[in-house]
Amino acid sequence: MNLLFALMIVGPLAASAGALLVRERGALRDVITMVGLGTAAAASWVMFGIVARDGTQTVRVGGWDPELGIVLVADRFAALVLPIALAIIFVVEIFAIGQRRTAWGANPELSGPLLGVLTAGVSLAFLTGDLFTLFVAFELILVSSYVLLTHQGQRAQVRSGMSYVVMNLLASTLFLFGLAYVYAATGTVNMALLTERMGDLSDGVRIGIGAWFFVVFGTKAAVFPLFSWLPDSYPTAPTTITAVFAGLLTKVGIYAMIRFHTLMGLDELGGAMLIIAGVTMVIGAIGALAQSNVKRILSFHIISQIGYMLMGLGLFTAAGTAGAILFLVHHMPVKTVLFLVGGLIENEQGTGRLDRSGGMASRRPIIAALFAVPALSLAGLPPFSGFIAKFSVISAGIEARATPIVFLALFAGLLTLMSMTKIWLGVFWGSPPVDVDGDEPPGNRKTMLAATGLAVLGTLTISLFAGALFDLSVEAAEELRSVSAYRDAVLR
Amino acid sequence: MSVALLFAIAGLTAVGIYLITSRNLSRIILGFVLLGHAAVLGLVTAGGPPGEAPIAGASDQPIANPLPQALALTAIVISFGLTLFMLALAGRQQTLSGSDLVEDDLEDRRLAARAERAAALADLAEQAEERDEQHEEST
Amino acid sequence: MWALTQIIAGGTESTAQLLWVDALDIGFEFRIDDLALLMTLLVSGIGTLVFINATGYFSADAGGGTRFPATLLAFSTSMLGLVWADSIWTLFIFWEATSVTSFLLVGHKNTYADARNSARRALVITGAGGLVLLAGLLILAEQAGTSTISEMGAVSGAAATTAAVLVMIGAATKSAQFPFHVWLPGAMAAPTPVSAYLHSATMVKAGVLLVAILSPVFTDVAAWKWTGVAFGIASMLWGAIGALRQNDAKLILAWGTVSQLGLLITLFSLGSAKANFAGMSLLLAHAVFKAPLFLVVGEVDVRTGTRDINELSGLRRSMPIAFGVAVVAGLSMAGVPPLLGFPAKEAAIEAALGLSGADRAIALPTIVGGAVLTVAYTTRFLIGTFGGSGSEATEVAERRLPMSIATVSLGALSVLGYVFAPAATSLIRAAAIESNAKSEVYELIRWPGLKTAFVISVIVVVLGAMLGWFVAQRSVRVPDTIGAENADGFVDGILNWAPRITAAIQHGSLPVYLATMCLAMVVATIPLVLDVETGHLVRWDSAAQLALSIIMVAAALAGAFVGSRLGATLTLGAVGICMSGLFVVHGAPDLALTQLVVETVIVVGFVVGLGALTARFPESTDSWRGIRLVLSLLGGAGVAIALASAGATPAGSPPIDALTNGAVDVGGGKNIVNVILTDLRALDTLGEVVVLATVTAGVLALARVVREEGRVDGVEPRPGGLMISTPSPTVETAIRIASPFAVVLAAYLFFAGHNNPGGGFAAGLVLGSVVILRTVAGLPRRTKPRRLVTVGTLIAAIVALVPIVAGDPFLDMYVASIDVPVFGKIKSGSALVFDLGVTLIVVGLITASIDGLSAITERVVSEARRTLTSEAAS
């Protein structure tokens, strides 16, 4: 486990540094990055196997006592989500290599190493049992995404990158304040110890800390009204970057929220969370409907879907948490794939604007099919994973008698379907735009198609094994909610 | 916990918030530096009362809590890096726009303009309809 | 598809199961009973004939390709899945699948805006219905305690009522019931074989089927019956009236379908056994007569190029086969013997007669009225399409064999169904028993004799024919597509409102976003602020602390309101120095040292990075200064009070002694903070230096973009850029002399760090300052930032990984005692190597920043100069 953790956290960093050392030699650089990301992904899958068999695994970094040092914890929740996240980064890197020569502009050698840093950050964020290390992990993720977003220096990127950096920087600062509150109240930042000590605090302090971290994680997760950085910044980045961001970044926020608020037993915040979840899912879907650019539509969908995950969490029942976890597992790959397809579309016709698109279904039926599967899944239609995810969250809502949020969720589902129809009508149906030329689109299309196809297959696999995944989500949710399992595993 | 430190935290935070909500990038960055200071002071304050420097064996007096100091140091350095990055980004923005003012997002403004145009068109259509009706009534 | 029929024809009842999501009870459960068998016959039988017909239909425009048959096959499969489903979730899955495939089929001719809109409308309505249905089924499953249809008992109660209404609404959207019927006429944009198949025989029956199979479950729920009857009657009448007002032959049939579906829903939701049997009979009869009628219209369309009954003329002579089929199927629809439609309609009237009380008072007149209208629009359809004198006969293209085969075969079924009424009866009765066991006593009656129902039938036919003939003689002003407009208006309304709502929220203004976040933050402090206690507070720890705090806040305030940029930057420096002072007073020398150097570098960064800007901030024009002030005060107070509140009664105490012992005994250092950074929490430090390394990469990347732009414009950047203002020998010499000392100082800090204030960061920062000074003076320096940070990261990563080889936890630090001259005995080891990586990265970052920032600034200035010169030139 020690080795696995190191491969997921330190390995990608070493690979990034190594790749930058040989940055003049493109092929070698790509190989080093791929090896780093590949072993990290492989390690996460092995970890999944071990945790599924033996339960929660921990490593005390540097061998220090949990009260003094940092503990890394792979419980069922982390072990379920992390492998999917790392696999996504790996697949996107393949796509990136196909696309790189054309769409990358300046500084193409940076994308691989930066993805390595991102990988390390994501692994650390998912595995850490220490609240301050979570802060550091967030910073790793954010700084690599800041640079990924802005390193080409285009005007739109710099402008939207500024909102992105500034808003997330404020969230990071708030995180530090939150750490100060936690430390002042409990004298520790170790999450297992916190689960013990938070219970002894007065309700005001406990709920206040919960609310504060809801704002912090909520900004990262892009919930209403803290999502503004997302739809401005995502569409301006190159496809691969947006795809990774879309799949992972907000999800790290929601992951942290599920872990923190469930472990700390902050059920009192459930009502507020449900209200915000409802507004988030509807506003996100409305925002998507308002857009006329593929990537912007997809960006707003992320917000809407975060609402569903928040709904699952806000119910504070085992079924709800399980639904949120399954939604997370389903959403990460599906969203990534949709952005990859969005990239294919842009690559084919040179734009993602709906008013300059059309007729793709007859010209490029493969792309239409690659789009249709994740789009239907995202809209929550059977027989895809999105249906099961939505189903589990909504049925948990009905079980908990949270009727208003259930109807909002259904309504948002309709709006999502409508906006997917908007893309379909705009891009795939109708006549091709007049100025479409016969030029071969740029980039290595085979690699890009292959990577996208692979990812679509991945989402289909998730759909196929939705049953097993749901069982795992239930186990993970029950383990999270019975806090003692986590506490014992860390402190024993 | 010392009120003086809390006052410092409150003051830095207030000025920081005031600065980051301005439209000027230099001021926004200044604001973040101040907010970062406030957060770091918060961490140190949370760690307990002052004491001797945490060097083992240097003094018989109780030492200050070293852990928040380590955390604060990490936080300072991270803020340091990010401040430099923001400066570079602000610089890049200047090469593009010639100023350090925050620009609104174009797509969002475009959308708003479209929405306004659509609303205006709808109003026009309504007015035209009313005119037609009046016309019909008068004939 | 025939094969499938063969398989299931073998046994009357077989089941199959395929688990998917066991825990949620979602799986593929199939059970083929007699009702499913009847539906299967329709789906696959009519499907086959429609396929045959489609080969003829598409031979003209060649637009079929492989896409069409593939989609149609996908639809058939979904439809079969739907009728075989024995779990409401299986049913729902295929229900949605039929919506999606229908969307694709309706929009088949997607280069036409009309087809696209119709497809969208159909999907939105059936999709919304699907969601309502989902909610209804979820409640039903919870109430019934199972999702298996055949195991469900009757439910009752408030929740069951909600479920019943929701399910009924879902069914009504799919079966095009008023007011959701609006998608169906639009769906006529689909190729006609699709209309014949989906929009008459199969998909629209899904709602009816759902009502039929769930009727036993909702038998105790009054709302079920009444919503069903209300939907049914409204659709029956409105649909028939609509059919009389259309001139497009296909639309007449579509509106007729709405009407017929209304009758079916009425019959199935009435709940009596007789009505149930009548419903089953009509279900079969309708499929058998409506499909050929559609196919005939398709043939007319293909062969004449129009479907407008005002334009069509004389077709009874030029298209005799089609005419024959139309007459047979049409009369069956009108309920005239000797055709299958007759006994079916007879059964419906009988069923209405057999009711009592309010049921009868409502059902009988409406069913009879609906029947009259049905005869009327049938008459008008036949006269309009095939009538007219031969003089102005429409030109007709050649007949296509596949189309005729299909229409004739389907048309014949209406006759056969009447002739072999006992066989049809057994099929229908078996199906009817599935939804109501008491239906077994009924049969299709070929010739009832002079009974009440028959008399009513005769009157209906006569009245209807007269009405139809009357309407056919007059030209009808086609109403605006009633309802469809409203549905599209709803969709467009959302589409129009969406940008407005979005523009109000996502307005693109960063300051407002940040203010929103600060507001959220203030709200989050409320629970803490309300819970505040003051017992643990002291006024100040020392006078110096108080003084420094006040000076610092004053400096910050000055910085916020000073108009000069340089002034603001300098106040920043003052704040930093106060911070350092506070750290010293608090007993945190490491923090003080780091803070001091960091602040210096940042001030330099500000000066360099923003050097190209005007000396003063532009006049502030913002109108919301008041809001900002309030927010700032609330935020500042909230944050501080929250901290006081959090620290009031700590639930645990920090392990200071354990930390001290751990640092000395295991970490091998006396400077506890340093040991924490390089050993206990080395993982944090690793992350932190990678953050710095990444920032380095980012700054260099931006600088490179800027430099390349400059190169394109022909401006070669100088190393150090603007920073070398006027070379001054004195300064240069001073820096030359100072440099080695600074390096020695850095080395001292580096090695001493483990036991005394200092360490890798401080050393790196001091070295970085040397780099800055030398850059400013234009002196050479040998630091390559990119190399520094990559090597630094590698060193740190390797130190982290090495312990794994020895089987220790990663980032475990090894301690050794080394005797170093000057510094004495140093107990240190891999932590020191780790710290070396840190130092390298810090130096790299500072170098990159000074270079990058100055390159960017230089570019700004040269741009400005160029603009000035070009303006002057012009």
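How do H4(C) and H5(C) run relative to each other? I looked this up in a predicted model, where local features need pLDDT of at least 70, side-chain atom pairs count only at pLDDT 80 or more, and totals for chains, interfaces and linings use all residues. Residues are numbered from 1 along each chain as written, chains are lettered from A and ligands numbered from 1 in written order, and side-chain values use heavy atoms, without hydrogens and water.

**Helix pair in chain C**

I took helix H4 (residues 88-106) and helix H5 (residues 113-144) of chain C; their axes come within 8 Å and cross at roughly 175 degrees. Axes are lines fitted to C-alpha atoms, for helices over the stretch in contact, with angles from 0 to 180 degrees between N-to-C directions. Helices (H or I, at least four residues) and strands (E, at least two) are DSSP runs numbered from the N terminus. H4(C) and H5(C) are therefore roughly antiparallel (the term covers angles over 145 degrees).

I then listed the contact (heavy atoms within 4.5 Å). From H4(C) I noted residues including C:Trp89, C:Phe92 and C:Phe103, which meet a set in H5(C) that includes C:Leu123, C:Leu133 and C:Leu137. The contact of H4(C) with H5(C) has 14 nonpolar, 4 polar and 2 charged residues. Here Ala, Val, Leu, Ile, Met, Phe, Trp, Tyr, Cys and Pro count as nonpolar, Asp, Glu, Lys and Arg as charged, and the others, Gly among them, as polar.

**Largest pocket**

I found a volume of about 940 Å³ for the largest pocket. A pocket is an open set of points on a 1 Å grid over the protein atoms alone, where a 1.4 Å probe fits, with protein on both sides within 12 Å along at least five of seven lines; lining residues have an atom within 4 Å of a point. The volume is the space filled by probe spheres set on the points, which are joined across faces, edges and corners.

The pocket has 33 lining residues, and those closest to its centre are A:Ala372, A:Leu376, C:Val100, C:Thr101 and C:Leu104. Helices H15 (365-378) and H17 (403-428) of chain A and H3 (67-84) and H4 of chain C each give two or more residues to the lining. By class I got 28 nonpolar, 4 polar and 1 charged.

**Backbone checks**

I found a cis peptide bond between A:Phe224 and A:Pro225, with omega about -5 degrees. A:Pro225 is in the loop between helix H8 (203-221) and helix H9 (229-233) of chain A. The bond from C:Phe178 to C:Pro179 is cis, with omega near 0 degrees.

Terms used: Parallel < 35°, antiparallel > 145°, perpendicular 65-115°, else oblique.
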